[in-house]
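Please open the structure in your viewer and keep the selection tool at hand.

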Amino acid sequence: MLAAVPPPVTVRVPAKINLHLAVGPLRDDGYHDLVTVFHAVSLFDEVTVVASEAPGIEVHGEGVSEVPADETNLAWRAVQVLAEKADRDPDVRLVLRKGIPVSGGMAGGSADAAAALVGLSTLWKLDLTRDELSVLAAELGSDVTFALYGGTAVGTGRGEQIVPVLSRHTQHWVIALHRGGLSTPAVFRELDRLRGDSPPAERPVEPVLEALAGGDPRQLALSLGNDLQSAAVSMIPDLRRTLRAGVTAGALAGLVSGSGPTCAFLCSGAEAALDVATELAGVGVCRTVRIAHGPVPGARVVDHEPPA
Ligand code: ATP
């Protein structure tokens, strides 16, 4: 008897912003130690995993021309890593629908890798816990682990060691997408260049954790900070105008997300976010704006039904 073909699995996975990003000095191995606070926001990619005799990957949606549709795609690498662990052939097709800006500092590629791990382990009924998947995630990239869990979390090491942070309150954000992207390694190199021989300035994480526990967006606004911002702004000076325009439009604070060039603006509530987004969209300092809230959960199966 032929084995039944399992129904496709669709996984939804969020983008991240960094509420706090402290970058340590350049290490001998070329990496930097990080202390960061990840915050998952409601911009999503969807990844569908389909059993197939013609394995491969297709990419749809925003910025597809910049996303590799071959074995170098991080989501496909996730399939290979899990297939190896399960001792199976990677006989699946991946369909990616991008809603997270590409090369925007929102970890879209890492999100897709996390979604592929969750989707494939569901399709193959591997019964792996998120903690077991996180071991594979850490092999794939420093932001993949967080995309599995979502929420708000402190990340250390290269960002792959995750401890969840209690933040019961929803925060409202306006996300300004830039026209081009920035390469993360190039932004780190620019930070090293700007720092020269000076040691990194202190950026303690405690104020942001206290503000998250309290839930008041005004207090949180005062504690946001990103060491990579000066490097991103140095590479794209127009970002200074974008950051200024968001605050002029009524945001409590704005910061570059991760390595940029996406900017995230914290607002006092949902209505304020709508006002800020409308005004920011009108002043022509970014490609487009989105409204988002956070925290939201990490990679989750949203559809796994046999066709009717
Ligand atoms: P980082 O996580 O390094 O901060 P980012 O969030 O700025 O990156 P991504 O959208 O993850 O940016 O893309 C970074 C690079 O990875 C791009 O050059 C892109 O071509 C490549 N890439 C590989 N796989 C994917 C994917 N599934 N989605 C988007 N980009 C991908």
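Select helix H1 (residues 74-86) together with helix H3 (residues 130-140): their axes come within 10 Å and cross at roughly 130°. Here axes are lines fitted to C-alpha atoms, for helices over the stretch in contact, and angles run from 0 to 180 degrees between N-to-C directions. Helices (H or I, at least four residues) and strands (E, at least two) are DSSP runs, numbered from the N terminus. H1 and H3 are therefore oblique to each other; angles under 35 degrees count as roughly parallel, over 145 as roughly antiparallel, 65 to 115 as roughly perpendicular, and the rest as oblique.

Now display the side chains of the contact, which means heavy atoms within 4.5 Å. H1 contributes Leu-74, Arg-77, Ala-78, Val-81, Leu-82 and Lys-85, while H3 contributes Leu-136, Glu-139 and Leu-140. Of these residues, six are nonpolar, none is polar and three are charged. In this grouping, Ala, Val, Leu, Ile, Met, Phe, Trp, Tyr, Cys and Pro count as nonpolar, Asp, Glu, Lys and Arg as charged, and the others, Gly among them, as polar.

The model is predicted: local features need pLDDT of at least 70, side-chain atom pairs count only at pLDDT 80 or more, and totals for chains, interfaces and linings use all residues. Residues are numbered from 1 along each chain as its sequence is written, and side-chain values use heavy atoms, with hydrogens and water left out.

Next, select strand S7 (residues 171-177). Six of its seven residues are buried, so S7 is largely enclosed by the rest of the structure. Buried means under 20% relative accessible area, exposed over 50%, and partly exposed in between (1.4 Å probe, protein chains only). S7 pairs with strand S11 (residues 288-294) in the antiparallel sense over seven bridges, and five bridges join S7 to strand S10 (residues 263-267), also antiparallel. Two strands pair if DSSP finds at least two bridges between them. Centre the view on Ala-176: its bridge partner is Val-289 in S11 and Cys-263 in S10.

Move to the loop between strand S9 (253-256) and S10, where Pro-261 lies. A cis peptide bond joins Gly-260 to Pro-261, with omega about 5°. Gly-294 and Pro-295 are also joined by a cis peptide bond, with omega about 0°.

Finally, select Ser-103, in the loop between strand S4 (92-98) and helix H2 (108-123). Ser-103 has a positive phi of about 50° although it is not a glycine, and it is partly exposed at 41% relative accessible area.
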